[in-house]
Amino acid sequence: MTMICGRQLLSLLLMLIFAQSTTQWWWRNRLFNEGLRPAVEYLVGRQLDAEVRIAGLHLASSRMRISGLHIEQPDVYRISVAETEIRFTLGSLWHGQLETLYVQSPRVEILGLPPSGTETAGFPMRPPLEIADLKISDGDLIIQWGELRQELHSLNIDLQGTRNPRFEASARLGGGAGLPIALSGTGTWDQRPGITLTRFDWDGDALLEAPLLFQLGSSGASVAGNARLPHLSRVELERVAAILALPVELPPDLDFSFRTPEISFAIRPAELDVQLTVPTASVRSGAQNLDLAALAVNLRRQDDTWTGNGRFTLEKSVQSTFTLAYIEPKLTGDFTCVVTDFGALAGRFAPDWKEQLLGGGMLKGNFSSESGQTLLAADFSGRRATKQRTDFRIDLTPLQARLTAEIKDSQLTGEGSLLLDGRPLATFVGSSEKLKIVLNPVSLAEIGPLAGPTLIPEFLKDVENVAGSAELLNDSNGRWQGQVEMSAARVRGEELEIKELVASGRFRQQQHGISLDDLNLGGKASLPGGSGRLALRGSGALAGETFQVKLAAVEATEVEFFSSDGMSGLTDGHLSASGQVSGNLTSRLLGLNLTARLGAGEVLNGPYYANLADSEARLDLQGGIDFDARKLSAQSLDIEIPDLVSAHIEGIASPDLVDFSGSLKTGELGTIFDHYLKAAVEPLDPELKELALTGTLSADFALRRSPDTLVVRGTVQPREFGLKLASSGLDISGGNGQLPLSFSQGPSADREPEEPLNGILNFSSFKTGPARLENAPLHLLSSTNRLEVREFPLWNLAGGKIRVTDLVATIEGKQPAMAARIRVDDIDLKTLTSELDMTGMIGTLSADLGEIRYAEQTLSSAGQVTISAFGGTTVISNIRLRDPASNYRTLLGDVDFSGIDLYRLTRTFEFGEMNGILDGHIHHLRLFGTVPSQFDAELATREEGRRNISVKALNNISILSQGGLSAALSRGIYRFIDFYRYQKIGLRCTLDNDVFRMQGTALEDSEDYLVYGGLLPPKIDIIAPGRDISFKEMLKRLSRLDRADR
Amino acid sequence: MKRLVRIGSLLTAVAVVSCVTINIYFPAEEVRGAADKIVNEVWGDRSETPPAQAEPKGQPSSFLRFGLSSAQAAQDIDVSTPEIRAIRESMKQRADSLFPYLDAGQVGIGRDGLLKARSTDGLDLRSRGEVNRLVAAENGDRQRLYTEIARANGLADKTAEIQAIFADSWRDQAASGWFVETKDGSWNRK
């Protein structure tokens, strides 16, 4: 089009010259504007197929000005030039040259492509018109193709020369302030037009490393050059894009920086060579930053064949190369990616992973794409890391992987396998919508080379033959769901071992999480000393950090548990639980709402055995677990064991603190004892077999335990409590009231003063043997480790009273202690001995036992017992009872007596009548049960009053002293005498170390006479034995006394 | 002057100590004889070793003797106090219940002469409870026996020595097939 216009203009100029020469100066403007201008508009418009308007033509000497030029082809372009000045001479015109062409304020708007089918004649061999001086000033170029709009303003061009004109150009690219660009170079038009750019300043920066050559010809354009930017970043790109109105949309968190990118290209008809090199670059996405180096891409097109290759280094640890080829319609290529250190690479994304991954690897593969089908095959092979560490979690060195994938019609399918040192570990096959993964049976010990020392928890390292499979489906919303099954022959940790473990479940990816259905878990678990079979059914949901599990059923059966020595434990335990568990993965809080039934068959705790097969406990728990604080909290824990106890507990439990409170209520104590306790305690003390209990107990309590402190406080409330133990004569019934208790142990026990608590107990009947407690309230006062009863109701015993006051029961250290004051008044011995079915005695018994204390398994009295009987007084002091609760009870004390009427004494015990008054003592008396094992006794009759001794008494004394009867008293005249007189009876006897020693003290300065006869004949003396005898022998002699009585 | 006082004090203390005679006497042989007798009585026919007869020594065993010597009369060990007789009787009655467990090896004789539950093989829970109860009761009686022998014979501070001698007797008179604990804590079948 330009060449056509040039010829026409040349013809017009010749005509104008001719007109000028033929018409006179006077006619020139009228001729131009009224004659020539319409013709020019017509001719040019027809040639350009455009509407052409010229406001005015002004011809002067060798100069013509065109004002108001407007050319427009609707929807294709629009050109308006304010003023154009053309200078010429006839000579220059003759040679096809213009001296100057000044174009003032041109505005060119390109609105679209010319209609298809428009034929162009191509470029002429030479330019149709040479312009020696071309200046375009303050021009605008606007390209508006659809949404794309490019603007070039303040365009100034200064072109000098005709053959190889030099030009300088400047403009502002884009609207507004725009981006300044400046160009300079030379033009050529030899055979075809061409431009050689020697300078290209972009925003003040020189881009060109080498001249950029544009060559236009009839068959196309050739462009070759080498450009380099000092820097290219996202900000700069977006600025240019905005200026150029290019629709560049980058991810919001993506940033990049290319330093000194350089591009070399050569565009020739049907050929293209492009080389892009970037020495260094960094790409940042969010907080992640990747460094690229040595990026080089070569792209070549020859005819219809594209080939390319490239390489880059990522983070100094990934070296990648690739090749590709495109021959219509198929694209093929291969790639190799060598990673020297996966840890370093992963560390750029997550710093924690830098130390957790070890090893490198090579990914090698190829791909092809044709007719909407893309195939990909890749192999990965781990490589040993250059730097070895021991603190890694995963070592990729022994790992291999194979992957083949196909993308067809936007559908991805593929299969792959994961291998460990060449052994198949897992396979997967499927598509973007369905995937099946199979984990081949493997023991975790076998994947040891893959796992670092901390990857697999210690308790999982002995997992044997773990296998599994998963079928995953991707629904129309792009969410996954599927079925997962897993099994393991054995999972063993430090203490826990699970055999025959099976687990399965379905999962579904939700909008904000994952739901789990049909969860099943089962196996046989064992702990040191215990085992059981576990089964779990449930469902759950995971949403973000929170999860919720509904336990349809948790079953533990065949549970056995034994202590390390096997001497405590249970068998046939079972648990059935259901409920809901919810929690938060971040805060590691677990909420529990569980209901459970549990029971056991046989239970053994040391010597205590019970068969609880008929009992079952029900447990309702609402609480939570704080795993970080290792704390279990129970907002509500209800436990019920039918016929035994029901309890409600609230509180917390952690290794550092157990703090809970609650209440409990027992069933009928008689039922509990008969059903649960009798069998357990009977072997320990057969007498307990006869124990009978009635009533119930309820209690409110609070317990607080820290590592060094235990505090228990509460109140026990008996209801119609009764206890009967025939062997001890204990009979209690109708016990009601409140018994406050407070126990504290540890260094802080004394530092926690508390307000004493008052309690009260009432009994409708309280008897122990012949003693009966008066029916009156029993007031109690409880403080830490201390229970006080200021005053008991009076005990009634054999017409007398027993007053117990100031009873204080304490726990000193870990040993119980007790103290009380007991006073006994006016007990009638006749009544008492009768009630006790003892040999009847007459007299009274009174005692002020002072303070009775129980400590270190010994009950001791600071007071004494006074017995007024047989006309004299007997005082028992230093009373101590050791091991009162054992079968080896030992009573110790000192007995002093005086004024005992021997007649009344011997008649009472049928020893054989004697007269006289007896004084003496038994010191250091030690009674084992009822048998003396030690004493030091001395007794003697007073040498006053009537002193007779019967033959029976003489014989018994002989038996005791000699071991047998004296035959002399049954012979001769002696057989007719019933009584003999004596002067004195005196003896000293000791029992120590089972040796019984008896000496006579009846005669002064002699140890021989037990009985020293009277002055008148017949005189009877009884001589003390000359040797010690064993106490066993003494007991035999005592037994003979009994026989002698009969 | 101070130095003289110090030296004088030291000499005085040495002189006082030199004049004190401490006799520590322990009738080991007599206790051993008594132990053999009691063990034999408790285990009766089950013990294979006849009770060793205690042979009173003319001179007492003396662990330590300082200063002037002091002759001690030979001492018989009394093992017939009512307490000891009761304990022996209790142990004797319990023996029949213990024999099956000793024979089967579930109970063994420890180094200290006390019984130990060493195995639960073949025992149901009820039997284990019985073993616990029997062993605890037996050991309680044995400890009480040693304490009582020491008390009755004026050897209250020698309970540990008495227990050690009894431990030898329990082990020596254990029946064939019973388990006895060795010094290293392992068990040997006799």
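Here is a short report on the model.

## Ground rules

This is a predicted model, where local features need pLDDT of at least 70, side-chain atom pairs count only at pLDDT 80 or more, and totals for chains, interfaces and linings use all residues. Residues are numbered from 1 along each chain as its sequence is written, while chains are lettered from A and ligands numbered from 1 in the order in which they are written.

## Chain A overall

Chain A comes out with 10 helices and 66 strands (DSSP runs, H or I of at least four residues for helices and E of at least two for strands, numbered from the N terminus). Of its 1046 residues, 18% are buried, meaning 20 or more other C-beta atoms within 10 Å of the residue's own; 12 or fewer is exposed, in between is partly exposed, and C-beta atoms are placed from the backbone.

## Zooming in on A:Asp203

A:Asp203 sits in the loop between strands E9 (192-202) and E10 (205-206) of chain A. Why is A:Asp203 classed as partly exposed? Because it has 15 C-beta neighbours inside 10 Å.

Beyond its neighbours within four places in sequence, A:Asp203 is in contact with A:Leu179 and A:Pro180 (contact means C-beta atoms, placed from the backbone, within 7 Å). A:Val240 is 37 residues away from A:Asp203 in sequence and 9.9 Å away in space, C-alpha to C-alpha.

## Where chain B meets chain A

Here 18 residues of chain B are in contact with 20 residues of chain A. On the chain B side, H4(B) gives the most, with 9 residues.

Conventions. Contact = placed C-beta atoms within 7 Å.
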